[in-house]
Amino acid sequence: MVELFVFETTKLLEQLEQLILSTEKYSCFSPTAVNDIFRIMHTVKGSASMMFYENISLIAHSMEDLFFFIRENNPQNIDCSSLYDLIFEGADFIKLEIQKIKNNDSPDGDPTTILSGIKELLGDLKGQNDAENFYAQKSNEDRQNDIAQSKEIDAKKNNHYQAVIFFEKGCEMEHMRAYAVIHSLNDIAQEMCYTPEDTDSDSSAEIIGRDGFKILFKTELSHEDIYDFLMQTPFLKSLELAALDQVEEISHPKILQNPAPVVTHQQSIISVQVDKLDKLMDLVGELVISEAMVTQHPELKNIRLHHFQKAARQLGKITSEIQDMVMSIRMVPIAATFHKMHRILRDMCKKLDKEVELKIIGQETEVDKNIIEHISDPLIHLVRNAIDHGIETPAERQAKGKPPKATVTLEAKNAGSDVVITVKDDGKGLNKEKILQRALANGLVNKSLNEMSDQEIYHLIFRPGFSTKENVTEFSGRGVGMDVVIKNIESVGGSVAIASKNEQGSTITLKLPLTLAIIEGINIKVANSRFTIPTTSIKESFRPTENDLLQDPDGNEMIMVRGQCYPILRLHQLYKIKTEATNITEGIMIMVENDSHGCCIFADELLGEQQVVVKALPAYIKRIKKIKGLAGCTLLGDGSVSLILDIGGLVKTNQLMVGGKSV
């Protein structure tokens with residue numbers, strides 16, 4: 001029940017926030033928006049009350065009363081700015097309480113200040129000093145009369161109804177959802193009976209899932225109002241609602257009949273727990289490995305098996321289709337993550353007196369849910385950094401000949417097996433001299449401006465403790481935030497690139513894999529050890545010659561490729577593997593790149609390309625020793641284990657080895 005409450009309340013708060021942000025662009029709330037907010041708060045209040053989360057229920061109840069008054073009286077003297085701020089404060093309070101519940105803590109926040117603000121605003125709207133009289137005098141019966149008077153009552157005065165509710169298949173806990181419906185109806189209905197009667201029993205869930213939840217009740221509301229009310233039920237699949245002409249006594253479920261129903265649109269979407277999808281993904285991964293172990297079995301080598309090969313190709317085709325389908329099930333649009341930035345932008349603009357428009361492109365782009373969870377925080381930091389550091393005030397922009405309102409653009413698009421996300425602003429751009437000066441002062445770099453590329457200078461802003469702000473503010477100056485970006489992105493095998501032009505703005509590009517579960521990789525061999533390199537990190541492979549080799553002043557091995565020098569990383573030296581292929585001309589070079597930095601990995605030979613299932617390194621190995629440059633492991637078709645290389649980590653490690661210290 002707690003998990004269900006957290007999920008549904010979080011979704012309702014997201015709807016509320018987007019609703020407020022969309023209406024804030026206009027003068028104030030439309031009648032439709034007022035009604036929608038009233039319904040959201042009514043649902044949150046009922047759910048929180050049922051779960052005995054009194055603080056959440058109090059806030060939701062107060063906001064519901066506020067919008068009930070606005071809906072019924074349509075006051076003309078609303079201070080919309082204060083109303084927006086008050087709603088956001090209430091929503092933030094509920095979100096904080098929800099987070100406590102998720103962390104298994106007690107939701108013990110103090111809502112007094114927000115409740116006082118709501119009462120004061122309501123009192124102003126009513127032309128009073130406070131709203132105490134409204135809360136004290138407005139009994140539940142009065143509220144029902146208000147609703148009944150504001151709506152058209154059926155001409156026949158037919159106020160006995162039978163409802164049959166069917167929940168979506170797979171939503172789970174149908175008996176508790178039925179209890180929530182009864183709890184909500186208590187506010188507007190009398191003389192109620194229902195079947196199954198025991199909504200506390202798990203056995204009732206099966207009955208409700210099969211036959212529906214049947215309710216008979218009396219109310220003063222019209223058929224239309226009751227229908228609209230019940231249609232707000234979460235995970236509703238269909239609703240059958242009929243008015244009863246004659247009822248002798250509403251006291252026993254036996255009077256439930258089968259009148260002509262009003263059936264809603266049949267939904268074809270179900271909700272599935274993420275851990276079930278994770279388990280399914282793991283099983284598909286095992287299937288991919290098993291298929292490779294069968295079709296690539298060493299005993300089949302050099303044996304002509306025509307029918308077996310035909311069956312194996314068919315098996316591979318089906319396995320690939322299953323894998324693609326499971327991957328697509330896990331994919332979710334990035335829209336929800338992008339739209340969260342509207343709130344960040346709105347709050348910062350108010351506090352910094354800046355005017356910024358958020359432009360969103362490609363919000364329908366889909367990414368694996370696990371990837372989505374890793375990019376939310378980086379995007380927040382990038383948007384905040386753009387507004388705080390990059391965007392000028394309206395006066396400064398006009399003095400430069402720019403429009404007073406700046407633009408921050410969020411764009412997502414697919415690029416092969418990757419998704420590319422860009423955060424672009426039209427502000428003043430990055431100041432290379434100032435960045436390098438601050439980095440030198442903090443001991444983060446030991447090179448001059450002429451010795452570093454633009455990318456190297458720009459990437460200094462991602463170093464822990466780096467900040468160009470002179471004063472610490474609510475949004476920046478502490479040297480934390482941008483390092484979170486690089487850490488989160490690299491943790492999922494992604495990369496970050498920066499481009500900037502003076503007085504024209506900056507663009508930060510995030511390149512991320514579509515999924516973490518299965519990747520395309522090139523398998524390589526070092527003695528008896530196997531390694532896998534993600535295909536997206538490889539630029540080329542080649543056999544080196546002695547003439548291509550050289551050494552830097554510190555004696556480090558380098559190789560010249562088309563006029564450019566790259567450091568050499570010998571895997572057998574890094575991981576202390578004994579191999580006979582130590583001469584540079586006896587092995588193979590694989591040029592890899594990460595964040596515009598590259599190196600050449602030296603191995604014995606290439607084994608070929610293969611889709612591999614990424615598995616985390618066992619916990620006991622991590623506890624014994626922290627091994628650099630490994631992203632996980634996988635099982636190959638011949639049953640051997642291959643270690644998946646973390647190219648970002650290897651490139652950084654090699655920079656330290658070559659340069660003596662990090663640049």
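These are my notebook entries on what I looked up in this structure.

**Entry 1: the whole protein**

I began with the overall picture. The model is predicted. I counted 21 helices and 22 strands in the protein. Of its 663 residues, 46% are buried. The exposed surface comes to about 34,400 Å². Carbon and sulfur atoms supply 50% of that surface. I then looked up contacts between residues at least 6 apart in sequence. Among these, 70% join residues at least 24 apart.

I looked up helix H2, which runs over residues 31–50. H2 has 20 residues. From its first C-alpha to its last, H2 reaches 29 Å, close to the expected 28 Å. Is H2 enclosed by the rest of the structure, or open to the outside? I found that 15 of its 20 residues are buried, so H2 is largely enclosed by the rest of the structure. Just after H2 comes phenylalanine 52, with a positive phi of about 65 degrees.

Next I checked helix H4, residues 80–102. H4 has 23 residues, and at 1.5 Å a residue they should span 33 Å. Its end C-alpha atoms are 33 Å apart, which agrees. Just after H4, asparagine 104 takes a positive phi of about 65 degrees.

**Entry 2: aromatic pairs**

How many aromatic pairs does the structure hold? I noted 5. One of them joins phenylalanine 38 and phenylalanine 68. Their ring centres are 6.1 Å apart and their planes make 40 degrees, so this pair is tilted. The pair links distant parts of the chain, with phenylalanine 38 in H2 and phenylalanine 68 in helix H3 (residues 54–73). The two residues are 30 apart. Phenylalanine 38 has 9% relative accessibility and counts as buried. Phenylalanine 68 is buried too, at 3%.

I then turned to phenylalanine 531 and tyrosine 575, which form a stacked aromatic pair. Their centres are 5.6 Å apart, with 20 degrees between the planes. Phenylalanine 531 sits in strand E13 (residues 529–534). Tyrosine 575 sits in the loop between helix H19 (571–574) and strand E18 (588–594). The two are 44 residues apart, and this pair also links distant parts of the chain. At 2% relative accessibility, phenylalanine 531 counts as buried. Tyrosine 575, at 19%, counts as buried because the cut-off is under 20%.

**Entry 3: isoleucine 627**

Tyrosine 575 came up again when I looked at isoleucine 627. Isoleucine 627 lies in the loop between helix H20 (619–624) and strand E21 (630–635). Leaving out residues up to four places away in sequence, isoleucine 627 touches Tyr575 and Ile621. Isoleucine 627 and tyrosine 575 are 52 residues apart along the chain, yet their C-alpha atoms are separated by 8.8 Å. With a relative accessible area of 34%, isoleucine 627 is partly exposed.

**Entry 4: a sheet of five strands**

I followed E21 into its sheet. Here 5 strands form an open sheet with mixed pairing, in the order E20-E12-E13-E22-E21. Which strands stand at the edges? They are E20 (605–613) and E21. Each has a single partner strand, so one side of each is left without a neighbour in the sheet. The twist averages 35 degrees from one strand to the next.

I checked how E21 pairs with E22 (residues 641–645). The two are antiparallel, over 5 bridges. Threonine 634 has serine 642 in E22 as its bridge partner. Helix H11 (residues 274–295) packs on the sheet. H11 touches E12 (518–526), E20 and E21, and its direction makes about 145 degrees with that of E20.

**Entry 6**

I looked up the pairing of strand E3, residues 213–218. Strand E1 (residues 160–167) pairs with E3 in the antiparallel sense over 6 bridges. Alanine 163 stands opposite isoleucine 215 in E3. Strand E2 (residues 190–195) is also antiparallel to E3, over 4 bridges. Glutamine 190 has lysine 218 in E3 as its bridge partner.

**Entry 5: threonine 422**

Is threonine 422 buried or exposed? Its relative accessible area is 15%, and threonine 422 is buried. Beyond residues up to four places away in sequence, threonine 422 touches Thr409, Leu410, Glu411, Thr507, Ile508 and Thr509.

Terms used:
Residues are numbered from 1 along each chain as its sequence is written. This is a predicted model: local features need pLDDT of at least 70, side-chain atom pairs count only at pLDDT 80 or more; totals for chains, interfaces and linings use all residues. Side-chain values use heavy atoms; hydrogens and water are left out. The expected span of a helix is 1.5 Å times one less than its number of residues. Buried means under 20% relative accessible area, exposed over 50%, partly exposed in between (1.4 Å probe, protein chains only). Contact means heavy atoms within 4.5 Å. Accessible areas come from the Shrake-Rupley method with a 1.4 Å probe; for residues, only the protein chains shown count as cover. Two strands pair if DSSP finds at least two bridges between them. Axes are lines fitted to C-alpha atoms, for helices over the stretch in contact, and angles run from 0 to 180 degrees between N-to-C directions. Rings of Phe, Tyr and Trp (its six-membered ring) pair if their centres lie within 6.5 Å; planes under 30 degrees apart count as stacked, over 60 as edge-to-face and the rest as tilted.
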